[in-house]
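Work through the exercises below with the sequence and the coordinates at hand. Each task is followed by a stepwise solution.

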Amino acid sequence: MQPIGLFGGTFDPIHYGHLRTAFELWQELRLAEVRFLPTGSPPHRSQPLASGELRLRMVQAAIADQPAFVVDDREVRRTGVSYSVDTLTELRAEFPDRSLCLLLGMDAFLGLPNWHRWRDLLRLAHIVVAHRPGWKAPTMGPLGEVMVDHGTGTIRELHENTAGRIYVHAVTQLEISSTELRQLIVAGRDPRYLVPDQVRYILRETRCYAPR
Ligand code: ATP
């Protein structure tokens, strides 16, 4: 059975950098689906500006025309801080024999040692790292060490094992970030061609990042 891709993020808001990365990884890694998991209350960073409900709505609107993309609302529904290890533990119980691939941008991967019980993530899933503009794969420190122990250069290993490998994959580099998008909207500029139109309509309707 093909692996399931798990793409977590604040998605505050979702943009074409997220969507193109998910699409290329879905195609090139031959994933059964990519499951978008908007985070509820992220532990490693400042709290999102848009509510969980609204970020979920924007993700739903962005992926509506791509049947292989699905949204999973469990972290938004959960009260308290969202830890990826808890989400992966739940998903592993739901899919005991399935390969699970946690999809991360390189910037997120470099921050992994700050995540709660981060080494346990590799018992539960593979980690697939998408190159992001300006970021280099680590060769030293704790991440350099796990790369030596768990790194693989073949997609086949992600299909033949249910968890435990780290695979780095280059994707088309779109230098878009949610932070810059929010700044652009606050400055009164149009995010056209950076986010899908369906998301743009929601941004316009709710004025969720507009100055108060
Ligand atoms: P912010 O600017 O608020 O930090 P972001 O644009 O980085 O937001 P997140 O929701 O924090 O978006 O990211 C979710 C995931 O998507 C992370 O794994 C991140 O590395 C990845 N990601 C974000 N932007 C891009 C991009 N332009 N290209 C590839 N991956 C990206």
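**Exercise 1: overall form**

Task: compare the radius of gyration of the protein, taken over C-alpha atoms, with that of a compact globule.

Solution. The globule rule is 2.2 Å times the number of residues to the power 0.38. For 212 residues, a compact globule would have a radius of gyration near 17 Å; the protein has 17 Å, so the two agree. Along the principal axes, the C-alpha trace spans about 50 × 35 × 30 Å.

The model is predicted: local features need pLDDT of at least 70, side-chain atom pairs count only at pLDDT 80 or more, and totals for chains, interfaces and linings use all residues. Numbering runs from 1 along each chain as its sequence is written, and side-chain values use heavy atoms, with hydrogens and water left out.

**Exercise 2: the ligand shell**

Task: state which residues come nearest to the ligand and how the shell divides by class.

Step two: the shell has six nonpolar, 11 polar and four charged residues, with Gly counted as polar.

**Exercise 3: polar contacts**

Task: find contacts of N or O atoms within 3.5 Å between the ligand and Phe11, His18 and Ser178.

Solution. A backbone N or O atom of Phe11 lies 2.9 Å from a ligand oxygen atom. For His18, a polar side-chain atom lies 2.9 Å from an oxygen atom of the ligand. Ser178 places a backbone N or O atom 2.8 Å from a ligand oxygen. Taken alone, the ligand exposes 600 Å², of which the protein buries 91% (Shrake-Rupley method, 1.4 Å probe).

Definitions and conventions:
A residue is near a molecule or strand if one of its heavy atoms lies within 4 Å of it. A polar contact is a pair of N or O atoms within 3.5 Å; within protein, one must be able to donate a hydrogen and the other to accept it, and residues adjacent in sequence count only if both atoms are side-chain atoms.
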